[in-house]
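Trainee: Please pick one part of this model and take me through it closely. I want the packing, with cut-offs.

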Amino acid sequence: MRKRRIAILYTNTLFGFGIAQLLRADEQMDVTCLRADQAATAEELKRLRPYAVVMEGREESPLLSGIVRDMPAALFIGVHPEDNSMVIYHDRRVVTGCPESLLEAVRQGLRDPVGRSSALGEAG
Amino acid sequence: MTPVRILLVDDQLLFRKGLRSLLDDEEGMEVVGEASNGLEALERVRAASPDIVLMDIHMPVCDGVEATRKIKLERPETKIVALTVSDEDDDLFEAIKSGAEGYLLKDLRPEELFDLLRGVLKGETPISPAVASKLLTEFRHRPRRDPTETPGIELTHREQEVLQLVTEGLSNAEIASRLYVVEGTVKNHVHNILDKLHLENRVQAAAYALREGLIEAPGKQEQAP
């Protein structure tokens, strides 16, 4: 089975690497960590073409807005550790949830790749 | 080798789970419990007797500073390291005053954290560089005081030398090497310093020494006149 690329955009390194470690427990996921506050991150994301983007921070972040605009087919999850919440952007829907359901949200997306390009986010 | 037993205290569930996953995968580290606030932390410490508590500062119900104070009162042997996003001076000083052995920001790579935690059990004092530099910048401008003028504190010349090196972040082994003495001698000096200053750990000693002007702020002597 082909792996799906997942990108983690983090502000606090331990937080980002921790989420990555949790997601890597699923063999279907090929996880890459990128700093959210670096100029090169947007370009790196375009190159990676991840299936899903998990971002630490608020949805009004300019970087996240840009990603949503540039990669409309991907699954986006904004995680807000400060208030233990997350927002999922999926096929023009916006769903709020608890961070403990992050893994399930990503897995659900993997099982339900509606309207996606077949090449999007596939690794190797 | 006996693993380092760690308690995670943070109200951010996903951060806790992620950090636990990282620590559990690291050889020689064992997470023995989690807590989402200071009161839970105290209960877990009573139940699990961890070697190290990784303590968030801002939490509901009972914050990390208060929890550190309570845990140190009951279990002074428990090492507590603040792990937080806050680089505010007030949080840093309150955490140290409450008895924390270290203060780390969450913007830290996992392998750095693992090394620092191993160091804690050897008596080292982890402080994130960004916070340490703020602390030193703050104190660098304070006037130096003659230790003999400080009522009730009579540090020997050697103890002042050791305190200076503690403040520069050196471990006992490094201080021993610098002063050409054995590590046990340095341990004795540190013990005597803490005893005389009525403090609990090296971080407190360093902060106290800088605040009271007992020693030269690290880096000041290298500044151009």
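Mentor: Two residues are in contact when their C-beta atoms, placed from the backbone, lie within 7 Å. Among contacts in chain A between residues at least 6 apart in sequence, 57% join residues at least 24 apart. The model is predicted: local features need pLDDT of at least 70, side-chain atom pairs need 80 or more, and totals for chains, interfaces and linings use all residues. Residues count from 1 along each chain as written, and chains are lettered from A and ligands numbered from 1 in the order written.

Now the part itself, a helix pair in chain B. The axes (lines fitted to C-alpha atoms over the stretch in contact; angles run 0 to 180 degrees between N-to-C directions) of H2(B), residues 38-48, and H3(B), residues 64-74, come within 8 Å and cross at roughly 25°. That makes H2(B) roughly parallel to H3(B) (under 35 degrees; over 145 is roughly antiparallel, 65 to 115 roughly perpendicular, the rest oblique). H2(B) passes H3(B) in a right-handed crossing (near helix turned clockwise from the far one by less than a right angle).

H2(B) brings B:Gly38, B:Ala41, B:Leu42 and B:Val45. H3(B) answers with B:Gly64, B:Glu66, B:Ala67, B:Lys70 and B:Ile71. Together they split into five nonpolar, two polar and two charged (Asp, Glu, Lys and Arg are charged; Ala, Val, Leu, Ile, Met, Phe, Trp, Tyr, Cys and Pro nonpolar; the others, Gly among them, polar).

For context, chain A has four helices and seven strands (DSSP runs, H or I of at least four residues and E of at least two, numbered from the N terminus). The contact between chains takes 17 residues from chain B and 15 from chain A.
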